[in-house]
Amino acid sequence: AEFSWDSANYTFQSLEIDINNNLSDVGDVETDYYISGIDQSAQGEVIVRAQLLYKGTATDALRTAHAAGTESTFAITFTGPGDYQLTVTGRNAKIIRYEDPISSAGRMTATVEFRLKPDTSDGALTLALVNNDSDELTN
């Protein structure tokens with residue numbers, strides 16, 4: 001699978017998705033604080049950490065994007081036999097951490113951490129699963 005962000009493709013070695021609702025204690029059921037209904041939906045955050053294989057100037061562009069505060073949508077598509085595929089889409093992905101790729105001998109990787117934000121019509125993160133069969137037993 002390829003990791004695509006800001007019109008460039010990267011090969012990832014590992015990927016971690018952290019969904020944190022950041023919900024706080026809203027008090028007891030009988031209190032006015034609870035009954036008034038506080039909307040905490042905007043407090044959640046989605047963080048994606050990717051370890052990407054170093055590809056020279058393409059990976060260096062991530063460092064530049066981190067410094068510039070660039071936001072872009074990313075997509076990762078996993079494919080299988082036939083039409084089977086899983087696509088992970090992250091919207092408004094901003095690099096909040098970038099680690100230089102050269103830290104030891106061996107395969108060179110860059111660790112990049114993105115914070116996702118929803119847009120006006122879609123959530124911060126969506127997963128789309130497609131298969132060959134429409135039968136509910138084959139999903």
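**Close-up views of salt bridges and positive phi angles**

**View 1. Arg115 and Glu45 form a salt bridge between their side chains, at 3.2 Å from N to O.** A salt bridge here is a side-chain nitrogen of Lys or Arg within 4 Å of a carboxyl oxygen of Asp or Glu. Strands (E, at least two residues) are DSSP runs, numbered from the N terminus. Arg115 is partly exposed at 35% relative accessible area, and Glu45 is partly exposed at 25%. Buried stands for under 20% relative accessible area, exposed for over 50%, and partly exposed for values in between (1.4 Å probe, protein chains only).

The model is predicted: local features need pLDDT of at least 70, side-chain atom pairs count only at pLDDT 80 or more, and totals for chains, interfaces and linings use all residues. Residues are numbered from 1 along each chain as its sequence is written, and side-chain values use heavy atoms, with hydrogens and water left out.

**View 2. Arg49 and Glu113 meet through their side chains in a salt bridge of 3.1 Å, N to O.** Arg49 belongs to strand 3 and Glu113 to strand 6, so the pair ties together parts 64 residues apart in sequence. Arg49 is partly exposed, with a relative accessible area of 23%, whereas Glu113 is buried, at 12%.

**View 3. Asp122 and Arg91 are joined by a side-chain salt bridge of 3.6 Å, N to O.** Asp122 sits in the loop between strand 6 and strand 7 (125-130) and Arg91 in strand 5, so this pair ties together parts that are 31 residues apart in sequence. Asp122 is partly exposed at 34% relative accessible area; Arg91 is buried at 12%.

**View 4. Ser7 has a positive phi of about 65°, although it is not a glycine.** Most residues other than glycine have a negative phi. Ser7 lies in the loop between strand 1 (2-5) and strand 2 (8-20). The residue is exposed, with a relative accessible area of 83%.

**View 5. Asn92, a residue other than glycine, has a positive phi near 50°.** Asn92 is part of strand 5 (residues 85-99). Its relative accessibility of 23% makes Asn92 partly exposed.

Note on methods: Helix = DSSP H or I, 4+ residues; strand = E, 2+ residues; numbered from the N terminus.
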